[in-house]
Amino acid sequence: IYKSNLLFFKHTFDSDARRLFSELIADQKLLICFLQQSVKGIYEVTIMLSNGRIVSDILISRGFAVPFKWGIGPSFPLYETLHILRSDELDHVHPVFTVQLSDSLPQLERLNNEYVDSKKIMEAPQIGDVVISYFEESPYRAEIIAIEIDNGNTVYRVRYVDYGNESICSKEELFELDRDQQPDEIIYTPRQGFRCLIDGVRPLSCKAEWSEEVQKCIDNLLAPSASFEAVAGSPSVDGVYPIRIMVLKNQLNEKSDIGNGETDNANDKVELASWLISKGYAEMQNIWRDYPVKNLLSDGEHEYEMFITEVDGQIIRARPYVFVEQYNKMKKACYRDY
């Protein structure tokens with residue numbers, strides 16, 4: 001669990017801050033409010049003490065942290081129907097592709113109008129660095145995802161974090177995300193692109209890419225910038241969301257030239273993964289309902305009474321208070337076995 005709304009002066013709290021935090025939470029029943037889940041499954045939370053004070057406010061007031069504006073990332077609602085669109089605009093869809101929430105487009109338009117022309121070149125680019133890189137002569141926020149060698153020269157593969165497109169750049173084409181030059185919208189707006197895959201299926205014979213025939217079919221159904229309906233599950237450790245996509249039956253018949261001559265109701269829908277399997281275009285793989293993970297936000301609850309069990313840098317491990325009796329019984333059973 002991340003402590004919410006904090007920006008740390010270092011990568012972790014120093015010993016004085018950790019000591020204060022331990023003193024604040026010692027022997028307390030805490031009210032922890034779960035705000036959102038990161039792509040690695042870590043929750044952003046606020047922690048309220050029994051006296052009503054917020055832990056993050058105390059840490060800020062004591063000078064151990066400052067308000068954290070970037071956040072973990074945009075909230076991608078899980079287990080509910082969403083309207084999304086493919087944003088990577090690649091020639092062909094890959095098993096993992098990038099989408100945006102349809103209602104985020106106005107924010108993206110405002111974001112793209114806020115860039116300040118900055119050409120401060122990155123001094124020592126590393127994988128994971130966030131940079132500004134130009135695509136078709138326009139600046140975009142990007143992340144370095146690989147360092148490669150091309151004809152003896154070091155080049156950098158970047159992914160534009162709000163769209164999903166990738167590009168190969170030289171060092172001279174990577175510019176710092178300068179906090180002194182760029183407006184707050186560029187610095188603090190969470191990335192707007194979400195990496196996804198079609199839940200429950202994969203290319204035949206475990207191949208890395210879809211066959212050309214299947215690519216063309218999915219390209220038509222999930223054309224870039226065309227909105228479609230989907231439900232997202234919990235992301236993998238790589239930050240990839242499994243999504244279940246619903247498409248209109250008449251859309252399948254028209255765009256894939258596959259039909260049975262029957263007239264479908266305009267609102268009849270079918271799950272894309274099931275259709276791909278039925279046509280022999282894909283094979284089954286694990287789906288999210290098989291994962292033994294409960295998303296604490298999926299039932300609409302945002303507040304839980306919890307005990308802190310461990311603090312490791314910025315990450316806190318906590319156990320819901322309602323599990324205390326069950327946990328104690330399990331612990332006694334373990335000791336009895338010894």
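Let's start at the N-terminal end of helix α1, which Asp14 caps. A side-chain oxygen of Asp14 lies 3.2 Å from the backbone nitrogen of Asp16. Keep in mind that this is a predicted model.

Now the helix itself. α1 covers residues 15-25. Which of its residues are buried? They are Ala17, Leu20, Phe21, Leu24 and Ile25. Look down the axis of α1: these buried residues fall within an arc of 120°, so they line one face of the helix. After α1 comes Asp27. Its phi is positive, near 55°.

Next, the aromatic rings. How many aromatic pairs does the structure hold? Eight. Take Tyr140 and Tyr163. Their ring centres are 5.6 Å apart and their planes stand at 80°, so this pair is edge-to-face. Where do the two residues sit? Tyr140 is in strand β9, residues 138-150. Tyr163 is in the loop between β10 and β11. So the pair ties together parts that are 23 residues apart in sequence. Both tyrosines also belong to one aromatic cluster, together with Phe135 and Tyr160.

Here is another pair: Trp275 and Tyr281. It is edge-to-face, with 5.8 Å from centre to centre and 70° between the planes. Are these two buried or exposed? Buried means under 20% relative accessible area. Trp275 has 8%, so it is buried. Tyr281 has 13%, so it counts as buried too.

Last stop: a charge over a ring. The charged end of Lys29 sits over the ring of Tyr321. From there to the ring centre is 4.2 Å.

Note on methods
Residues are numbered from 1 along each chain as its sequence is written. Side-chain values use heavy atoms; hydrogens and water are left out. Buried means under 20% relative accessible area, exposed over 50%, partly exposed in between (1.4 Å probe, protein chains only). Helices (H or I, at least four residues) and strands (E, at least two) are DSSP runs, numbered from the N terminus. The arc is that of the directions from the helix axis to the C-beta atoms. A polar contact is a pair of N or O atoms within 3.5 Å; within protein, one must be able to donate a hydrogen and the other to accept it, and residues adjacent in sequence count only if both atoms are side-chain atoms. Rings of Phe, Tyr and Trp (its six-membered ring) pair if their centres lie within 6.5 Å; planes under 30 degrees apart count as stacked, over 60 as edge-to-face and the rest as tilted. A charge sits over a ring if NZ of Lys or CZ of Arg is within 6 Å of the ring centre and within 35 degrees of the ring normal.
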